[in-house]
There are 2 protein chains.
Amino acid sequence: MWNLFHTAVALGKWWIAISTIYKVAQKAGVSVATVSRALNDSGYVSREAKDRVLEAARELDYHMNVNARSLTCGKTYTIALVLPDIGNPFFPAVARGAEDYASDNGYCVILCNTDGNLRKESDYLKMLRSRKVDGVIFAVSVASRSSLNALADDGIAVVLVDRDLGDSYDIVKTDNIAGAMLATNHLIGLGHTRIAFISGPMPLATSRERLRGYCDALASKGIPFDERLVTEGDFRMESGHRAMQALLANSRSGDGVEFTAVFAANDMMAAGTMTALEEEGLRVPADVAVVGYDDINIASVMRPRLSTIAQPKYEMGWIAAETVTRRMSEPDGPRLEEVLQPVLVVRDSTVERRCASV
Amino acid sequence: MWNLFHTAVALGKWWIAISTIYKVAQKAGVSVATVSRALNDSGYVSREAKDRVLEAARELDYHMNVNARSLTCGKTYTIALVLPDIGNPFFPAVARGAEDYASDNGYCVILCNTDGNLRKESDYLKMLRSRKVDGVIFAVSVASRSSLNALADDGIAVVLVDRDLGDSYDIVKTDNIAGAMLATNHLIGLGHTRIAFISGPMPLATSRERLRGYCDALASKGIPFDERLVTEGDFRMESGHRAMQALLANSRSGDGVEFTAVFAANDMMAAGTMTALEEEGLRVPADVAVVGYDDINIASVMRPRLSTIAQPKYEMGWIAAETVTRRMSEPDGPRLEEVLQPVLVVRDSTVERRCASV
DNA sequence: TTGTAAGCGTTATCAG
DNA sequence: CTGATAACGCTTACAA
């Protein structure tokens, strides 16, 4: 009963009286146990008691303290979304999908930006353990297996998105090999045989898979792989710009490393690439065709409009959230692996527009 | 001491033993109070005791349960970021700024997307009360004063970002009137007198301020305001597209509503505008000059590159987070109002490139 | 300097 | 169907 007297907390302006089940119980003339049952309709509560409780709760503008609840029932209804950088246009869509699923199901989501930095990743993971989140959706960059395992050992459900890590955890991704093959084959189909590739950071499985798809496509058509045609970027626009400059310099040195098309491992790098091309007076797609990856919403506003491999970003986030909740309720189930299919979107950067507006 | 026996929780796979201060206390041979003091270095703890505690904590891989802590000390170290849609390119940068400040200061951030929908806004606000977040950074669309007040009454610090609501709450924004004047004057300086305006949703203060800036600039140059030249959009690309189509149809009806320039209240609508223009065979900037607002990262990859009003988005988020923490520690301080200055970025959509690459 | 114990707001067990 | 009451994990007087 102490609660009743302590709930008027001195706090700046005046004092705030946050209502608790004790107050509700008092007002309704029942015990806290009854209040709890009534509010969560669990156990038996007489119709009449329930009404009184609900009425009292409303009058007092009662709002449950979910932190207190999570203390007793061991669930926080919180999931974390840990990704490299929400500023990278690929992620907001994923985040949106995850958040939508989460909030539809009573969870709220904590946002963490790691910048692909090991230190930040493990700091966040540690923090999330302290917060006792129920699950983590993780676009890993470099986290060590052990920090992930620590989470799992704490009973936290973890699912990876977009970036795989072997076979340890549930994963929601798209088929990057297939996607890269789609892109490369599209270029080959257009008659290109000298196709440059600007890859993502090689430590990422995602990047390696796309490189793999590029190589496989080449091989399947009997086109020799020329490693001088591939450059590594970091998924950011500027790196695509630099990569293209390097490729161009190389090409002009006259060592036989010319190319007529480029496949960039994501749209941002493709954008940088196109800028570099333009700066050198080269025209897309006339002189060099370019295809990107992701189909971020601005791919269609670039000029020429960017041909790219579309990933179902929103769905990835949504499904990741769904998967993480499933994992929570079934910690021992078999590993969940959701591999979505990317699709080729042909626009103007690989094919001249039928009716040029010029 | 019950705690000691209950910490081995049966949970699926096997069982997980999450360590608590009780375990640490036991292992270190001290009381929980001492553990608490040692871990938070508060109060007196002998050097020796402290070492033993720290050692034990490390061996047990102890992680504090912050939810339990917040129950006793009334602080959750959580702030919420409530915005219309993280998918709208303007917001990720703001979010990033807020998250960076927050995590640097020991807070974590909950992400909420409202879609500018009253129902979602108030549901989230209610949820955040239950979660006892310490503060809320809110890009309001339509929330009623009363739901905001309910938060404040609960002792939750609230600061608005980007979108103001009168004078009730702390706010971090940019000077929209000045920004719109910058844009309009730029166009006027280029010799345009027939300038169309595609506004944001009029219920938003932000939109009204930009319209105001547009009008003021016109007026200051003695250019008559023609309401047939302003159309309302919703900040999304598609609405900019539609708005321009309407403007064009109008213009062609020959009623004297021609224009040679457009100012769109954000970059996404500017993008839609440019597409519509292109579809009609009009050239930017030769036939129609266009300027946007926000300077989202892709403004520079559009072709022609978009002239726009840059807002310090990251800083807005950062400062909003800083402001909300300040408000927490000083609930009674005077209203905080941070008005940042936007800057004009001139690119190719208003001025022909010096050296065309064609 | 340390330990005991009350209290934070809920849920859940177990007698009535 | 209802009410005490222990327990959740931690902090903090208050004693010792």
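## A tour of the predicted model

Begin in chain B by selecting helix α12(B) and the elements around it: the cover over its buried residues includes β8 (195-199), α11 (237-252), β10 (261-264), β11 (289-294) and β12 (307-310) of chain B. The coordinates form a predicted model. Helix α12 of chain B runs over residues 267-279, and its 13 residues, at 1.5 Å a residue, should span 18 Å; the end C-alpha atoms are 18 Å apart, in agreement with that expectation.

How many residues of α12(B) are buried? The count is 12 of the 13, so the helix is largely enclosed by the rest of the structure. Colour them in turn: Asp267(B), Met268(B), Met269(B), Ala270(B), Ala271(B), Gly272(B), Thr273(B), Met274(B), Thr275(B), Ala276(B), Leu277(B) and Glu278(B) are the buried residues. Moving past the end of α12(B), select Gly281(B), which follows the helix and has a positive phi, near 80 degrees.

**A surface patch in chain B**

Next, show the surface and select Leu190(B), Val346(B) and Val351(B), which make a nonpolar patch of about 200 Å². Leu190(B) is located in the loop between α9 (176-189) and β8 of chain B. With a relative accessible area of 39%, Leu190(B) is partly exposed.

**Helix α13 of chain B**

Now select Thr325(B), which is placed in helix α13 (residues 313-329) of chain B. Is Thr325(B) buried or exposed? Its relative accessible area is 15%, and Thr325(B) is buried. Display what surrounds this side chain: apart from neighbours within four places in sequence, Thr325(B) is in contact with Tyr101(B) and Tyr107(B).

**Between the chains**

Turn to the charged pairs. Over all chains, the structure holds 56 salt bridges. Select Asp85(B) and Arg96(A), which form a salt bridge whose closest N and O atoms are 2.9 Å apart. This pair crosses between chains: Asp85(B) sits in the loop between β3 (78-83) and α6 (90-104) of chain B, and Arg96(A) in helix α6 (residues 90-104) of chain A. Asp85(B) is partly exposed at 22% relative accessible area, whereas Arg96(A) counts as buried at 8%.

Then select Asp85(A), Asp115(A), Lys120(A), Arg96(B) and Asp100(B), which are linked in a network of salt bridges.

**Within chain A**

Move to chain A and select Asp154(A) with Arg129(A); their salt bridge has its closest N and O atoms 3.0 Å apart. The two residues are 25 residues apart and link distant parts of the chain, Asp154(A) being in the loop between α8 (145-153) and β6 (157-161) of chain A and Arg129(A) in helix α7 (residues 118-131) of chain A. Asp154(A) is buried at 15% relative accessible area, and Arg129(A) also counts as buried, at 7%.

The next selection is Asp348(A) and Arg305(A), whose side chains meet in a salt bridge (3.0 Å, N to O). Asp348(A) lies in the segment after β14 (343-345) of chain A and Arg305(A) in the loop between β11 (289-294) and β12 (307-310) of chain A, so this pair ties together parts that are 43 residues apart in sequence. Asp348(A) is buried, with a relative accessible area of 6%, while Arg305(A) is partly exposed at 22%.

**The domains of chain A**

Finally, zoom out and colour chain A by domain: domain 1 (2-73), domain 2 (78-173 + 313-340) and domain 3 (176-311 + 344-355). The centres of domain 1 and domain 3 of chain A, taken over C-alpha atoms, are separated by 61 Å.

How values were computed. Residues numbered from 1 in each chain as written. Chains lettered and ligands numbered in written order. Predicted model: local features only at pLDDT ≥ 70, side-chain atom pairs only at ≥ 80, totals over all residues. Heavy atoms only, no water. Helix = DSSP H or I, 4+ residues; strand = E, 2+ residues; numbered from the N terminus. Expected span 1.5 Å × (residues − 1). Buried < 20%, exposed > 50% of the residue type's maximum accessible area, 1.4 Å probe, protein only. Contact = heavy atoms within 4.5 Å. Patch = residues over 30% accessible without salt bridge, like charges linked within 9 Å, V, L, I, M, F, W, Y side chains within 5 Å. Areas by Shrake-Rupley, 256 points an atom, 1.4 Å probe, with all protein chains shown as cover. Salt bridge = Lys/Arg side-chain N within 4 Å of Asp/Glu carboxyl O. Domains from an automatic or database assignment.
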